[in-house]
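Please read the following report alongside the model, with the sequence at hand.

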Amino acid sequence: MQTDLAAARAALAERTGATQFAAVGFCFGGGHSFWAGSNLDLGLDAVVGFYGALRSKDRANRPNLVEDADQIKLPVLGLFGGDDPNIPPADVAAFDAGLERAGVDHEIVSYPGAPHSFFDRKQEEFAEASTDAWTRVLDFLAAEPVEA
């Protein structure tokens with residue numbers, strides 16, 4: 001995943017001249033977006049995850065972010081459904097606490113009553129949460145970059 005992310009970043013820089021980069025992911029990709037924040041060699045400025053998977057669930061390719069949040073070094077925006085059976089509120093709280101302990105600039109938002117995939121698969125039903133989440137993403141990405 002990180003190899004693909006590095007290649008995408010390099011292609012964007014070459015083709016567009018962009019100088020600032022963020023990873024944004026959903027579910028499995030959200031967890032990997034968070035984890036990309038631990039690899040400064042990727043040249044990212046920030047990471048965003050929508051209901052990013054926080055536990056490894058016995059998969060070698062998926063980090064356990066509940067235990068290893070302190071390895072993340074970049075600003076993080078995490079957006080979670082408060083009624084997501086895949087990501088318990090205790091895991092979200094532990095991830096938030098780990099980022100806090102590590103001194104990572106971050107914002108973690110949990111939308112009460114919203115399920116997993118509230119933004120991409122159930123946007124109409126959860127329009128208020130989805131609109132707020134997208135506004136937060138745009139505001140987060142528009143903010144001045146923070147030195148990693």
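This is a predicted model: local features need pLDDT of at least 70, side-chain atom pairs count only at pLDDT 80 or more; totals for chains, interfaces and linings use all residues.

Residues are numbered from 1 along each chain as its sequence is written, and side-chain values use heavy atoms, with hydrogens and water left out.

## Overall fold

The protein chain contains five helices and four strands, where helices (H or I, at least four residues) and strands (E, at least two) are DSSP runs numbered from the N terminus. Along the sequence these elements follow the pattern α-β-α-β-α-β-α-β-α. The radius of gyration, taken over C-alpha atoms, is 15 Å, in agreement with the value near 15 Å for a compact globule of 148 residues, the globule rule being 2.2 Å times the number of residues to the power 0.38. The C-alpha trace spans about 40 × 30 × 25 Å along its principal axes.

Of the 148 residues, 41% count as buried; buried means under 20% relative accessible area, exposed over 50%, and partly exposed in between, with a 1.4 Å probe and protein chains only. Among contacts (heavy atoms within 4.5 Å) with a separation of 6 or more, 68% are between residues 24 or more positions apart. The protein chain exposes about 8,000 Å², of which carbon and sulfur atoms supply 49%; accessible areas come from the Shrake-Rupley method with a 1.4 Å probe, and for residues only the protein chains shown count as cover.

## Salt bridges

The structure holds three salt bridges, each defined as a side-chain nitrogen of Lys or Arg within 4 Å of a carboxyl oxygen of Asp or Glu.

| Pair | Closest N and O atoms |
|---|---|
| R55 and D91 | 3.0 Å |
| E107 and R136 | 2.3 Å |
| D132 and R136 | 2.6 Å |

R55 forms its salt bridge with D91, and this pair links distant parts of the chain, with R55 in the loop between β2 (46-50) and α3 (65-68) and D91 in helix α4 (residues 89-101), 36 residues apart. D91 counts as buried at 9% relative accessibility, whereas R55 is partly exposed at 33%.

R136 pairs with E107; because E107 lies in strand β4 and R136 in helix α5 (residues 127-142), the pair ties together parts that are 29 residues apart in sequence. D132 also forms a salt bridge with R136, and both lie in helix α5, four residues apart, about one turn of the helix.

H106 lies in strand β4 (residues 106-111) and counts as buried because its relative accessibility is 17%. Its side chain makes a polar contact of 2.6 Å with the side chain of D96; a polar contact is a pair of N or O atoms within 3.5 Å, where within protein one must be able to donate a hydrogen and the other to accept it, and residues adjacent in sequence count only if both atoms are side-chain atoms. A polar atom of the H106 side chain also lies 2.6 Å from the backbone oxygen of V104. Leaving aside neighbours within four places in sequence, H106 is in contact with V76, D96, L99 and E100.

V24, in strand β1 (residues 22-26), is partly exposed with a relative accessible area of 40%.
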